[in-house]
Amino acid sequence: MPAETDIEPLIALAGSPNTGKTTLFNRLTGLSRKVGNFPGVTVARSEGGLRLPDGTSVRLLDLPGAYSLQALSPEERIARQILRGESGETRPDLIVAVVAATQLSRNLFLVTQLKELGIPVVVALNMVDEARSEGLQIRAERLQEELGLPVAPCSARTGEGFDELLRLIGDRGRWPRLPDTWQDSEAPDRIAERYRDIRRIVGRSTAQRHQVPHSTLILDRILTHAVAGPLIFFGVMALVFQSIFTWSGPAMDLITAGFDRLSAAVLTLLGEGSLSDLLAGGVIAGVGSVLVFLPQILLLFLFISLLEESGYMARAAYLMDRLMRGVGLSGKSFLPLMSSAACAIPGIMATRTIEDARDRLATILVAPLITCSARLPVYALIIHAFIPATPVWGVFDYRGLTLLTLYLGGITSAFTMAFIFKRTFLKSKGTPLLIEMPSYRTPHWRNVGLELWTHGRSFVERAGSVILAICILLWFLGAYPKADPLALRSLPPGERAAAQIEQSLLGGIGRAIEPALRPLGFDWKVGIGVLSSLAAREVFVGTMGVVYGVGKESDENSETLQEKFQNARRPDGSKVFTFPVVLALLTFYMLACQCAATLGVVRRETGGWRWPIFLFAYMSALAYAAAFLVRAGATLAGW
Amino acid sequence: MVSGTGISEAFKQPAVQPFPRHLTLADIPVGGKVLIESLPDRTAFGRRLMEIGLLPGNEAKVMGRAPLRDPIQVCVLGALIAIRRSDALTVHVSPLSDAR
């Protein structure tokens with residue numbers, strides 16, 4: 001967020017997509033990069049500090065990529081608003097216009113517009129090393145003369161030419177600010193006129209015309225082939241999916257075990273008491289429940305930045321576009337939705353690659369419907385306890401088929417909701433698909449590393465604070481008011497925790513909402529499970545263990561918990577978990593947004609509480625309605 | 001009963017038939033080179049196509065088609081760009097014969 005007190009000069013980095021603008025920004029600002037959102041919109045904002053050779057510090061703002069000041073997307077609108085001082089932010093003192101030497105003509109289009117804004121412009125002629133290797137020679141001094149702007153030939157990958165670029169930025173005081181003469185709504189004639197100028201400028205600066213590199217043409221013949229392309233893409237996706245699902249397992253177990261040991265150590269160190277209980281059960285368990293997602297996030301972002309950097313991501317969007325258009329999205333939504341099958345959090349963070357803000361929001365809103373790995377423990381507990389392992393068609397059994405149905409149900413509901421959202425309030429207007437496919441190149445370690453570092457850090461910092469707060473709140477609700485210690489002592493140890501929960505505010509709320517859950521067939525104990533798993537659905541298993549008095553260490557394979565489940569009775573002696581109720585419970589967990597971490601990330605990605613609240617409300621309503629219908633249907637069918 | 005061929009014909013044709021029917025970018029086979037004649041420059045997207053180099057008078061080459069023949073990959077000013085078939089149908093072109 002911009003601070004009023006900032007007196008350091010502001011430099012805006014502007015350029016079309018695929019000019020290497022972000023690589024340049026990363027090299028200039030290094031680890032000082034901060035990512036966030038522009039206020040009120042789902043457009044990512046990166047800012048960083050930079051020290052010039054003369055010792056002055058400046059702020060560097062990485063504007064969203066824009067083909068033109070005549071904005072089509074929210075990203076381009078923000079770039080224009082900042083450059084023209086139409087946003088709440090300070091107007092930049094200098095523009096560094098990034099152009100790729102390999103795409104000179106097309107990238108100069110925006111530069112001819114930037115020139116009319118009245119702010120001094122320095123041109124960073126990026127990727128000169130790549131142009132050289134393609135045999136493309138550009139005479140920078142001629143370009144400077146023809147363009148009427150200072151030009152620094154450089155390479156953001158190697159750092160070549162950065163001394164000169166920094167010197168030109170440092171000279172910024174020498175140019176006065178002029179009046180802004182750029183006219184909005186350019187007529188087609190004006191566009192053609194700009195290209196006539198560009199043809200003249202480029203014609204005098206270089207003798208060659210840029211060609212798509214041969215290696216890219218060959219690779220595209222395979223990777224975007226109508227048959228081989230999708231097959232390779234699914235292979236890549238399978239690898240990504242598998243790695244998030246399984247490779248992150250050991251690291252996640254390590255984090256969980258570490259935090260369990262830490263809270264045990266706190267308990268022994270401080271002894272039994274409210275403070276140690278808050279620290280161990282609220283704070284440490286809360287932090288642990290946040291950090292446990294970090295391995296998945298880092299792995300997914302490793303893959304995403306490799307795919308993005310290599311140029312493959314644009315091809316994947318190209319291949320999947322026709323399929324995704326069926327529900328009103330574009331090919332760019334495929335990867336975030338697919339990776340949500342491991343965990344919605346990295347999936348939602350991956351929607352940053354979707355430029356269209358409405359497509360991005362629709363993808364964010366449906367990603368949590370895809371069955372994630374945290375639903376598995378809940379599914380496993382319920383399925384093992386209630387679904388018989390009766391074989392079907394030899395290889396399958398009812399349990400496997402139930403799990404498959406739940407996965408398919410998640411995917412179907414996500415696509416259905418995307419379709420509804422895209423038909424109603426997220427209807428795209430005037431932004432047809434345009435995918436620019438950059439030449440293939442080997443990923444750069446610096447960019448990949450920085451991506452991992454900034455995304456990991458921002459997740460822990462921003463989402464972490466929200467999740468932690470909710471976890472502590474839930475702990476308080478479960479721990480207070482304290483049950484009578486004398487009454488507790490008279491109970492067998494296994495039932496003490498259950499008695500405490502029953503006495504607590506959470507227990508009270510569980511009973512209070514019982515009438516609301518009765519149409520689904522849930523009793524107040526299940527209600528407590530649902531409530532306590534608001535923060536994280538897998539908590540359901542542990543809470544059920546506590547409520548049914550099996551002890552805290554129960555897991556989904558715990559025989560006793562499954563037996564208790566099967567034998568649970570209502571006061572009138574009837575079974576709690578009849579088959580329709582079991583189906584309703586599964587349906588509820590398939591659709592409900594029982595994940596504080598997801599809500600925290602959605603708040604962070606959309607820049608406010610509006611969308612996480614909407615997400616929670618619509619998913620809860622959907623889950624409730626579907627669970628009700630499933631129970632009613634199953635009861636009618638006589639199951 | 002609606003005949004099967006009738007349905008598939010309906011899918012092949014653009015929703016709005018320009019009259020007289022011009023050759024569009026969507027009609028060009030992979031590998032074909034064309035000269036851009038005109039595009040809907042009154043729409044924001046038409047202007048955007050011009051801004052990224054797909055403007056009347058420029059050459060373009062169709063490089064490939066995604067599965068189900070959509071979107072279409074085009075090379076213009078040394079860059080690879082993909083647009084949807086429905087958008088390519090609005091770009092009028094004339095074929096260029098290769099000087100081979």
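Before the first stop, a word on pairing: two strands pair if DSSP finds at least two bridges between them. Helices (H or I, at least four residues) and strands (E, at least two) are DSSP runs, numbered from the N terminus. Bear in mind that this is a predicted model, in which local features need pLDDT of at least 70, side-chain atom pairs count only at pLDDT 80 or more, and totals for chains, interfaces and linings use all residues. Residues are numbered from 1 along each chain as its sequence is written, while chains are lettered from A and ligands numbered from 1 in the order in which they are written.

**Stop 1**

Show both chains as cartoons and pick out the strands in the order β10(A)-β4(B)-β3(B)-β2(B)-β1(B)-β5(B): that's an open sheet of six strands with antiparallel pairing. β10 of chain A and β5 (92–96) of chain B stand at the edges, each with a single partner strand, so one side of each has no neighbour in the sheet. From one strand to the next, the twist averages 35 degrees; angles here run from 0 to 180 degrees between N-to-C directions, and axes are lines fitted to C-alpha atoms, for helices over the stretch in contact.

**Stop 2**

Now select β10 (residues 434–437) of chain A along with β4(B). Four bridges hold this antiparallel pair. Which residue stands opposite Glu436(A) in β4(B)? Click on Ile81(B). Next, Met437(A) stands opposite Leu80(B), and Ile435(A) has Ala82(B) as its bridge partner.

The hairpin has two residues between its strands, and Leu77(B) in it takes a positive phi near 50 degrees.

**Stop 1: the rest of the contact**

Colour the residues that touch across the chains, meaning those whose C-beta atoms, placed from the backbone, lie within 7 Å. Ala, Val, Leu, Ile, Met, Phe, Trp, Tyr, Cys and Pro count as nonpolar, Asp, Glu, Lys and Arg as charged, and the others, Gly among them, as polar.

**Stop 2: chain B alone**

Chain B has three helices and five strands, and from the N terminus on they run α-β-α-β-β-β-α-β. Of its 100 residues, 41% count as buried.

**Stop 3: a helix pair in chain A**

Bring chain A back and select α15 (residues 357–366) and α17 (residues 398–423). These two helices pack at about 145 degrees with their axes 9 Å apart. Show side chains for Ala362(A), Leu365(A) and Val366(A) in α15(A), which meet Ala414(A), Met417(A), Ala418(A), Phe421(A) and Lys422(A) in α17(A). That contact has seven nonpolar, no polar and one charged residues.

**Last stop: two domains of chain A**

Colour domain 1 (10–211) and domain 2 (224–370 + 447–462) of chain A separately; the bounds come from an automatic or database domain assignment. Their centres, taken over C-alpha atoms, are 32 Å apart. Where they touch, domain 1 puts in 11 residues and domain 2 puts in 10. On the domain 1 side, α1 (21–29) and α2 (74–84) of chain A each supply at least two residues, and the classes there come to five nonpolar, four polar and two charged.

Conventions. Two residues are in contact if their C-beta atoms, placed from the backbone, lie within 7 Å. A residue is buried if 20 or more other C-beta atoms lie within 10 Å of its own, exposed if 12 or fewer, and partly exposed in between; C-beta atoms are placed from the backbone.
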